[in-house]
Amino acid sequence: MNNAVLNWFGPDFSTLNPLLQRLHTQGAQLNGAVNIRFGSGIAGWIGRRMARKLGAPTKAGKVPFSVEIHHSSEKLIWSRTFASTHPLTSEFYPVRTYQQGGYWIESTGPVKIQLGISTEGGNWQWQQQSVSIFGVPIPALFRPKVYAGKAIVNGLYQFEVKISLPVLGFLFGYSGILHEGGKKLID
């Protein structure tokens with residue numbers, strides 16, 4: 001099978017948890033609920049505006065969530081839907097390969113995020129390296145810091161996304177446990 005994730009990882013693809021390997025060879029639609037959180041004060045205000053732009057609810061709490069994951073030979077595509085709203089689609093383009101110290105560019109509208117990957121423990125953690133909006137690099141002092149990762153825990157797909165800003169701290173985040181077709185990812 002020829003897809004962007006397999007091509008980028010090469011032989012190191014086998015270091016991922018077998019269930020993440022399956023997810024990134026076959027693709028899937030994962031469903032469940034996420035817990036949405038916001039910072040306090042001005043950070044929470046900014047976080048709510050950011051959530052609105054991402055199609056996420058602007059109130060903290062648990063909401064239905066789904067993500068469709070597709071692959072082609074050129075890119076990885078994630079379409080996320082919060083509480084049955086319109087999907088937020090991100091395209092991830094590989095640069096070089098894992099063995100060459102490569103990275104991915106996540107493109108969501110005018111925002112582009114350069115992401116490295118850590119595969120410690122067979123999981124997949126994105127490591128933000130830079131951010132640009134409309135092609136203009138955002139200096140580190142003003143750049144939102146994005147933490148995002150996924151892991152298999154007890155046969156389920158567990159993930160977390162947190163966004164913060166220097167000085168202000170935590171803005172917005174969501175985390176949850178998803179399943180494929182109403183079942184655990186393991187048989």
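Are Glu106 and Arg80 buried or exposed? Both residues are buried, where buried means under 20% relative accessible area, exposed over 50%, and partly exposed in between (1.4 Å probe, protein chains only).

Before selecting anything else, note that this is a predicted model, in which local features need pLDDT of at least 70, side-chain atom pairs count only at pLDDT 80 or more, and totals for chains, interfaces and linings use all residues. Residues are numbered from 1 along each chain as its sequence is written, and side-chain values use heavy atoms, with hydrogens and water left out.

**Stop 1: Glu106 and Arg80**

Keep these two selected. Glu106 and Arg80 form a salt bridge, with their closest N and O atoms 3.4 Å apart. Glu106 sits in strand β5 (residues 103–108) and Arg80 in strand β3, so the pair links distant parts of the chain, 26 residues apart. Helices (H or I, at least four residues) and strands (E, at least two) are DSSP runs, numbered from the N terminus. A salt bridge here is a side-chain nitrogen of Lys or Arg within 4 Å of a carboxyl oxygen of Asp or Glu. By this rule the count comes to four.

**Stop 2: Arg22 and Glu180**

Select Arg22 and Glu180 next. This salt bridge has its closest N and O atoms 2.9 Å apart. Arg22 belongs to helix α2 (residues 18–26) and Glu180 to strand β11 (residues 169–180), so the pair ties together parts that are 158 residues apart in sequence. Arg22 is partly exposed at 28% relative accessible area, and Glu180 is partly exposed at 23%.

**Stop 3: Glu91 and Lys75**

Now select Glu91 and Lys75, a salt bridge whose closest N and O atoms are 3.0 Å apart. Glu91 is in strand β4 (residues 88–95), while Lys75 is in the loop between β2 (61–71) and β3 (76–82), so parts 16 residues apart in sequence are tied together. Glu91 is partly exposed, with 24% relative accessibility.

**Stop 4**

Select residues 111–118, which make up strand β6. Six of the eight residues in this strand are buried. Two strands pair if DSSP finds at least two bridges between them.

- On β5: five bridges join β5 to β6, and the two run antiparallel. Trp104 stands opposite Leu115 in β6. The hairpin of β5 and β6 has two residues between the strands, and Gly109 there takes a positive phi near 60°.
- On β7 (residues 124–133): eight bridges join β6 to this strand, again antiparallel. Ile113 stands opposite Val131 in β7. The hairpin of β6 and β7 has five residues between the strands, with Gly121 at a positive phi near 70°.
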